[in-house]
Amino acid sequence: MPTTDPSTDEAQLHLYGPRVVRLAGAMSRSASLRWLEPEPAGLAGGVTWGVPWPQGAVPADAPFALRDSRGRGLPVQSWTTASWPDGSVKWSAHCAAPATPDPSGYTLHPGRRGEVATRGLEVTQHGTDTLVDTGTMRATIPARGPVMIATLEAGGRVVARDGRLLSELAMDPEGRSRTPFEGVVESVTVEQSGPVRAVLLVKGRHSDGRRHWMPFRVRLVFHASSDQIRVVHTMIWDADPDRDFLCALGLRFDVPMDAPLHDRHVRIAGSSGFLTESVRPVTGLWRDPGAAARAAQVAGRPTPPTHEWTGTKSYLDPPPTWDDRLRHVPAWNDWTLTQLSADGYTLRKRTGESHGWVTIPSGTRSRGYAYLGSVHGGLELGLRGFWQSHPTQLDVRGAATDHASLTAWMWSPEAQPMDLRFYHAGEHEQTDEGQLAALEVTYEDYKPGFGDASGIARTHELLIRAAPTTPDHETLDAHARANANPPQLVCAPDYLHDAGVFGHWSLPDRSNAAAAPIEDRLQLLADYYADQVEERRWYGFWDYGDVMHSYDTDRHTWRYDIGGYAWDNSELSTDLWLWYHYLRTGDAKAFRLAEAMTRHTGEVDVYHLGRFAGFGTRHNVQHWGCSCKQLRVSSPVYRRFLYFLTADERVGELLDEVAVTGETFAALDHHRAVGARQGRSKPDPRGMEVDLGIDFGAILASWFTRWERTGDPDARRRIIETLTDIGTMPRGYFTGVARLDPATGRFDTTEDRVTVSHLSAVFGIVEVLAEILDLLDLPEFEETWLQYCQIYLASPEVQEAATGTTWNPALQLAHTRLLAWAAHRLGDEALATRAWTLFHSGPADRANLNQLDPDRRPDPVAGLTVAEPVSELAGVTTNDAAQYGLAAIQNLALVSEWLGETAPEPSPTHTR
């Protein structure tokens, strides 16, 4: 029976004492939850999601209750991921594991006691092992050694054992001589222990007994009453790209096989269904064993006893029994599915290592899910983003023996070895002069030795299921769909907006004739980039999740091979734009695009160890190729959306990684390889030189995220003191670059100089400051920030009068949101009108996308000059799209009342 809800004022008074006067009204608020995609597949064990709450609405110790659409209670596990300054809950995280998803969604009630699980998930210690019992499955996780999961039990039987990470390393790019490595566990930490959800963090490195390399962090996520484990695997590349070539990376389990060969089953997912086979087939034989035997084998059910099979007719006298006949049917031992590209997989099988492979009809995009076992149970194993993250592979080995194995390869051993060497020799760029000359041509910052991949990471998600019997095809399909596209609970855009999180944004409103085309352009651009990912095949182990920077209309391709114009690497806040687009629209396609981008840019584009740790890499042909290492790429401002919406622990780790020291800043020229500080080898005793936009924005986002996540008073102090320091500088925010003392965390406020950069406000600092200034009273900083917002786009005469100098304000459309913020803060109609005027028709560095016809669709391109048919929006680059998106979203939120009622005519030069 559901637990009675204490929803009355008296009950809340009992729960919260005197706080009921302030909170009683707010606590009556509930959060409606819906599925991101309208038809969720079977859950991947459970679902975890985040919910924001208005400031003061939910106290820190509030319980939560979860109800389905029929009012029935479900057990829910809840924790706080962020708090408001008053200590109330800002973001709560929740996990539930219903047996079947309610397609109509759920309602979350704060301040009510939730349903208690009849049997919760149990995490216990047995010697050095950690035992997890979900009520349906038992797992044993050793504390150390080469095995990550010792046993998996389902239905009272061990269905898999010795789950372990494997890799192969070669010293040559052809991979002629390979050394096998195994992942050695060094520690296991229980991060959550139930009652609905348990999380174990497994850390270790790969080793061959002599060399230890490639650290890994694996989270094993369990759910009550579930037979599935969600695996979040992160590897960090820490090798020499000129001499180390990864040839394979995978997760393997041994699977006991104790049933007759004809009752052992293999299922491997194609693009829609499954390869359905058994170790010894009884279908298609000359002598038919009968419909019952055939149907049972195809369905994965136990076949009838062989003496009941039909097909006794024979040329032999006496006719052989079916037991005698089966000896002559080959037993198949091994299967392999290899996905070496986004467009094709191959399948084959063999009877043993000493025999040849037989090809199986292949296909396009495998969903990366497989089952190996018998009628007595077995293992399901899947890799999310299987074809998108190629080269990948699924292997079944030894199925005709007593001990088979199932492996999901994150890097296929049949692919070319992973080659992370820098892509060119830099023959003419060994001097400052040569590097500057190259920059003028290819837009690439190059410095010898800086295009180094050592320290970057890659995270994969896998799904494991301990199956007590061979699953039927419908069940297996639901699991494969949940693996490929995990069901996600979310709040509707209007709820997210009303909670007051993530600064200034509004819901789409096309009722105004002037606003409607802006909304249409925003949707057009978001759809265009989602479609370009597919058209341009922006897939692969290191590439999936990113988009390209700039377009080449002559070749009808993105500039994938031109210096600094190729992979975007969060340039001009693409991630930020797409997340705000999702918040406003609730568009599942936008969420999945932003999710993949967050996974990629937070891992691949950022260094997690080594000399560049904490820094990211500017845009380049290779994600790690540019010698310009900057904090703005690793900024938490781009990752906090996914963390708060899903409570993903790995993303939470990324929020903590921006750690900066004076020595790091001195050793790195974090602006350009040809910058004025190049060659400095000793720390500046006066402090580290920080760009108030590009660098400080990331540092500020790190402090702010730490403060809201943990309540850290030191982070709050640093925010207040550094922003106050900027406000007291002679030139305020126009100082541009200031020295930060890492020991005290304070800026030098004595330097009197003006440094104005068009990049200071386009890497997330505008968005972070919008949130901070709504929470903290910082009059000195607010005054100088208001000045900057008003004067950056002002006339030269106004610039001169205010600062003593002038500049050419680049990225004008992007900066109109600064004018809009000032107009909103001051209630200044003239500023708002100027913001909209510049937004619609002001000069732009390249194209003013507000002049793009909102009804236009991408132009198809086909013929002999392109390898495959594609589509393009000529004039659209990612920088412009991202900053147009952010400016439009924030202007509509801040100064929509001054937009007017008439939509300006699009420029003829941008209309087709």
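Two strands count as paired if DSSP finds at least two bridges between them. With that in mind, and remembering throughout that this is a predicted model, begin the tour by selecting Arg67 and Gly73, because these two residues stand opposite each other, with Gly73 belonging to β4. Strand β3, which covers residues 64-68, pairs with β4 in the antiparallel sense over 2 bridges.

Now widen the selection to the whole open sheet, whose 5 strands follow the order β4-β3-β7-β1-β28 with antiparallel pairing. Colour β4 (73-74) and β28 (489-491) separately: they stand at the edges and each has a single partner strand, so one side of each is left without a neighbour in the sheet.

Next, select strand β25, residues 392-397, and ask how many of its 6 residues are buried. The answer is 5, so β25 is largely enclosed by the rest of the structure. Show strand β20 (residues 334-341) as well, which pairs with β25 in the antiparallel sense over 5 bridges, and look for Thr338, which stands opposite Gln393 in β25. Between β25 and β26 lie 5 residues, the two strands forming a hairpin, and Gly398 in the turn has a positive phi of about 70°.

The next stop is the interior. In soluble globular proteins, nonpolar side chains tend to be buried together. Here the largest nonpolar core has 233 residues, and those with the most contacts inside it are Leu152, Phe222 and Trp785. Select Trp785 and show what surrounds it: leaving aside residues up to four places away in sequence, Trp785 touches Tyr733, Val766, Leu769, Leu773, Leu818 and Trp821. A second, separate core has 11 residues, among them Ala269, Tyr371, Leu463 and Ala467.

Aromatic rings come next, and the structure holds 43 aromatic pairs. Select Tyr551 and Trp558, whose ring centres are 5.2 Å apart and whose planes stand at 80°, so the pair is edge-to-face. Are these two residues buried or exposed? Tyr551 counts as buried at 6% relative accessibility, and Trp558 is buried with a relative accessible area of 2%.

Then select Tyr733 and Tyr788, whose ring centres are 4.7 Å apart with their planes at 75°, so this pair is edge-to-face. Tyr733 lies in the loop between α16 (713-728) and β34 (737-741), whereas Tyr788 lies in helix α18 (residues 779-791), so the pair ties together parts that are 55 residues apart in sequence. Tyr733 is buried, with a relative accessible area of 2%, and Tyr788 is buried, with a relative accessible area of 2%.

For a group of rings, select Trp91, Phe502, Trp579, Tyr580, Tyr582, Phe591, Phe641, Tyr643 and Phe644, which form one aromatic cluster.

Finish with two places where a charge sits over a ring. The charged end of Arg348 sits over the ring of Trp357, 4.4 Å from its centre, while the charged end of Arg618 sits over the ring of Tyr443, 4.5 Å from its centre.

Note on methods:
Residues are numbered from 1 along each chain as its sequence is written. Side-chain values use heavy atoms; hydrogens and water are left out. A nonpolar core is a set of buried Ala, Val, Leu, Ile, Met, Phe, Trp, Tyr and Cys residues joined through side-chain atoms within 4.5 Å. Buried means under 20% relative accessible area, exposed over 50%, partly exposed in between (1.4 Å probe, protein chains only). Contact means heavy atoms within 4.5 Å. Rings of Phe, Tyr and Trp (its six-membered ring) pair if their centres lie within 6.5 Å; planes under 30 degrees apart count as stacked, over 60 as edge-to-face and the rest as tilted. Helices (H or I, at least four residues) and strands (E, at least two) are DSSP runs, numbered from the N terminus. A charge sits over a ring if NZ of Lys or CZ of Arg is within 6 Å of the ring centre and within 35 degrees of the ring normal.
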